[in-house]
Amino acid sequence: MTTSAAIQAALRGDNALPLRPVNQVMDLERLGALHQSRLSFMRTLVRRIMRERWQIEPVRFELDPQGYGTVIYEITTPNKCYSFVLFSDYLSPDERNDRVIATKWDLTMALVDGQVDDIYLEKLRQNVPKQEAGRVDARVFVLSRANRSARNFDYVVDQLARGKQPDVAQIARVGYLYRTTAVYGSGKLGMADWEKVSTRHPDFNRPFAAEMFVCLMLRNFSLLQAEHIAQHRAPESYNPMKPEIKRFFGIGNSTGLGMAPYLINHPLLINQWVEMRELALARVRVLGNINKRITQQFPELLERCAIHTEQTVTEDEWQTNNNRQVLEDLKAIRVYTAKGIDSWDTLLKWSEQHCSLQGQEMLVSILLELYPELVDELEDYHTAEEFLDLDPVMPLQQLKQVIEDRYQWALSYDFDTEGAKDTFWYRSEEKMEPRLGNAREEDGKDKQMALGVGYAVRKCYDQLCDYIAEYPQHSTARFMVAQPKLRGIVRRIQSMNRCIYGDIQANLLDRDILPMHLLRAKLAFFGVGKFDPRSKLWVRNTMFQGAPLLEDIGNTFNDDWFMPLAPAQQGDL
Amino acid sequence: MHVSMIELKAALRRCFEATGYYVGNYEDAANMILWLEKHGLKGLDELQRALPYIGEDSSKPLSTVIYEDSTSAIIDSNGRSALNCIAASVDLAHAKALENGIATVTVHNCHNRMFILKALTDCGRRGISVTAYWQNGNQTVTEHTAAIKAGERYPSYSEAVTNLSVNDQDKQALTIICSSRVDLTSSLQQSKGNRNACYISAEQIRLNKEYSVDFGIDIDENLWAEINRIGAGVLVENNERSRQGAGGR
């Protein structure tokens, strides 16, 4: 078991491990090329559930033959008991909308502390289906909703009702029965704050663990519901789905711009996630012994990743080209390593010369996969106290030096070039939905969110230089009294300077900014797969594809659902 | 009505952002109010009193340092609310204390000084001990003090009603003493004429926080509506074009 002290010693000082450089790692395009890994939050959650053998049982199962009604699962962990409450309601096809602005959904659900009695269930029934228009209390800590992938759902039900199995090739195209369109936690809509979840519910004390758990429960319910409907429709011909096919169903997800501001507004947390991933890679680079097991497993994982990528369906030309390039990269890595692997360091350096960013990051995820003993224990170090503290005593000359050292990417950017400040990020009056605007063509720039960190640093630097010319001996505190408008950015600069990786390096105001990269980075930390961009502003993806089923809990578990593949299908029962 | 702490913080941030507070200041203001309320010190009551005036600060001069030496400073806040200026004053005291062991900063013409408790707590967390003292009131004068030890997470707080007469010199003034060497504590003396005195220990403040973490925060519906009404000023009008900016089909 590692410790905070061991982690700090590996990150800093004389005995630090060789981390990848900041400018390489925090480049937005590279962050937008990340893939799931064994440190992704879905993987760490499932490891916890399987190791601790959580007991998850439906205690109320009131679905009519069409699958509408109420279901409550009770979850008993070594620490506590929770309830997952789900409402299934009829939704006409023309009301089905994945956008945040929707007001009705096929399924709505809540994760609740403790057991749910009839009175509390009624309270939930009055509010959970309304989502943002409802209110809940601090017993609830996740609220979510999902819409059917109607064509897929109906097809699966038809097949099961006819005693057949779903065609795996079709699942490979759309690997889910439901898409979740929002998963709210951390105090939204009256729910328990993260401070409560992290301190009172040790089972969910890692970032987004509770939100991921709700998605896992939704995935399992979706399979149960499809079987339930098929069985009632044709009890005589019905056959349950084979477990290996069930496991290949994940849960769909549509992620839009809302996720992008999160990455900018939680820089210390994002830095922590990046630090742990990079520390894991550095451990593998230095300590990863290349023995017989590894030399056998490595090409197998290359092959698996290639097939997984081939099975990823997207209509997006950009992503299609990326996937094609990843396939070429994987092939090149296979050829390069066919006669043996000198060291991971050599291979990683070679990949930086010969592979695309997505190919390089795929290699990183594969290397992490090979060494659970070096990687998994870092899963307990993904939280951060998010204090952006001012260092009031820092001399201004030092502050200037910090900016020059840590924000060279921002200083080297020419904000006077055409298009450099053409994008603005704002909240719409429609459900406060985050949106992008063109500053030259649309109103609202005066209400933009403060996401242009690079530009703010540039302005701060210029004013700082002017101030230093007049008051070279002043401290940061004195500068802040004189220039309170710069308080936010100075505090951020100093705080991020205390981190290894710091801020994401991109001008979010640029006309050509691709928010997709931000979404992809966060989703990769979550652990999703099958990225399917629908525009530069939102992406479909699949969660928990290949993960164990509820009925697998308590059985042997090899934690090997990385880059899942379609199961071989040898005819129906 | 019941809200979570993060909901209150987000609404307050929008409210102050819409009022014209700067980046960094609107987070501070939201955090100061939330901190008081979360720790049982009636931050929302204080906000209710401040709310009618918060828009006026944008036309007032910024705080100015009117005297300064290595261990002390006097700052004129020019009638501003502590919500947008007191953190910088505490930071100045903090910096001087780090350099010289102990420092005093006096702030004049500053309203809503109760909000200093969050800034003071941040100092404690970061290893600096602080105490603050101020008087308040136009007819009846109340006095207040708060203190936190180095490395602690919670301050103590005392207040009392006095029989002092209003002193124009002291009006809207606040004294901050900061030390990197000495652990400062404070409580009001049993002065003749003081009444309704109360002392809230750091432990009681911690317990108040635990309750808020467990159950969230109750807020008057009208105040909540007013915070959100002001905060709506940061929202951009919806139209078909803007819907495209969300990736809508």
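Is the crossing of α15(A) and α16(A) left-handed or right-handed? The crossing is right-handed. Keep in mind throughout that this is a predicted model.

## A helix pair in chain A

Two packed helices are described by the angle between their axes and the distance between the axes. For helix α15 (residues 344-354) of chain A and helix α16 (residues 357-370) of chain A, the axes come within 9 Å and cross at roughly 160°. An angle over 145 degrees counts as roughly antiparallel, so α15(A) is roughly antiparallel to α16(A).

## Helix α6 of chain B

Helix α6 (residues 202-215) of chain B has 14 residues, which at 1.5 Å a residue should span 20 Å. An α-helix has 3.6 residues a turn, so residues three or four places apart point the same way.

What lies over the buried residues? Just after α6(B) comes Gly216(B), with a positive phi of about 80°.

## Helix α2 of chain B

α2(B) has 14 residues and reaches 20 Å from its first C-alpha to its last, close to the 20 Å expected at 1.5 Å a residue. How many of its residues are buried? The count is 14 of 14, and the helix is mostly covered. Just after α2(B), Gly40(B) takes a positive phi of about 75°.

Met563(A) is not a glycine, yet its phi is positive, at about 45°. You will find Met563(A) in the segment after β11 (539-543) of chain A. Met563(A) counts as buried because it has 22 C-beta neighbours inside 10 Å, and the cut-off for buried is 20 or more.

Asn109(B) is another residue other than glycine with a positive phi, here near 55°. Asn109(B) sits in strand β4 (residues 102-111) of chain B. With 17 C-beta neighbours inside 10 Å, Asn109(B) counts as partly exposed.

Leu83(B) lies in the loop between β3 (72-81) and α4 (86-100) of chain B. Leu83(B) is buried, with 29 other C-beta atoms within 10 Å. Not counting residues up to four places away in sequence, Leu83(B) touches Ala29(B), Met32(B), Ala50(B), Asn112(B) and Phe115(B). Leu83(B) and His111(B) are 28 residues apart in sequence, and their C-alpha atoms are 8.4 Å apart in space.

In chain A, Glu430(A) is in the loop between β8 (423-428) and β9 (434-438). Glu430(A) is partly exposed, with 18 other C-beta atoms within 10 Å. Leaving aside neighbours within four places in sequence, Glu430(A) is in contact with Ile101(A) and with Asn238(B). Glu430(A) and Ile101(A) are 329 residues apart in sequence, while their C-alpha atoms are 7.0 Å apart.

Technical notes
Residues are numbered from 1 along each chain as its sequence is written. Chains are lettered from A and ligands numbered from 1 in the order in which they are written. This is a predicted model: local features need pLDDT of at least 70, side-chain atom pairs count only at pLDDT 80 or more; totals for chains, interfaces and linings use all residues. Helices (H or I, at least four residues) and strands (E, at least two) are DSSP runs, numbered from the N terminus. The expected span of a helix is 1.5 Å times one less than its number of residues. Axes are lines fitted to C-alpha atoms, for helices over the stretch in contact, and angles run from 0 to 180 degrees between N-to-C directions. Angles under 35 degrees count as roughly parallel, over 145 as roughly antiparallel, 65 to 115 as roughly perpendicular and the rest as oblique. A crossing is left-handed if the near helix is turned anticlockwise from the far one by less than a right angle, and right-handed if clockwise. A residue is buried if 20 or more other C-beta atoms lie within 10 Å of its own, exposed if 12 or fewer, and partly exposed in between; C-beta atoms are placed from the backbone. Two residues are in contact if their C-beta atoms, placed from the backbone, lie within 7 Å.
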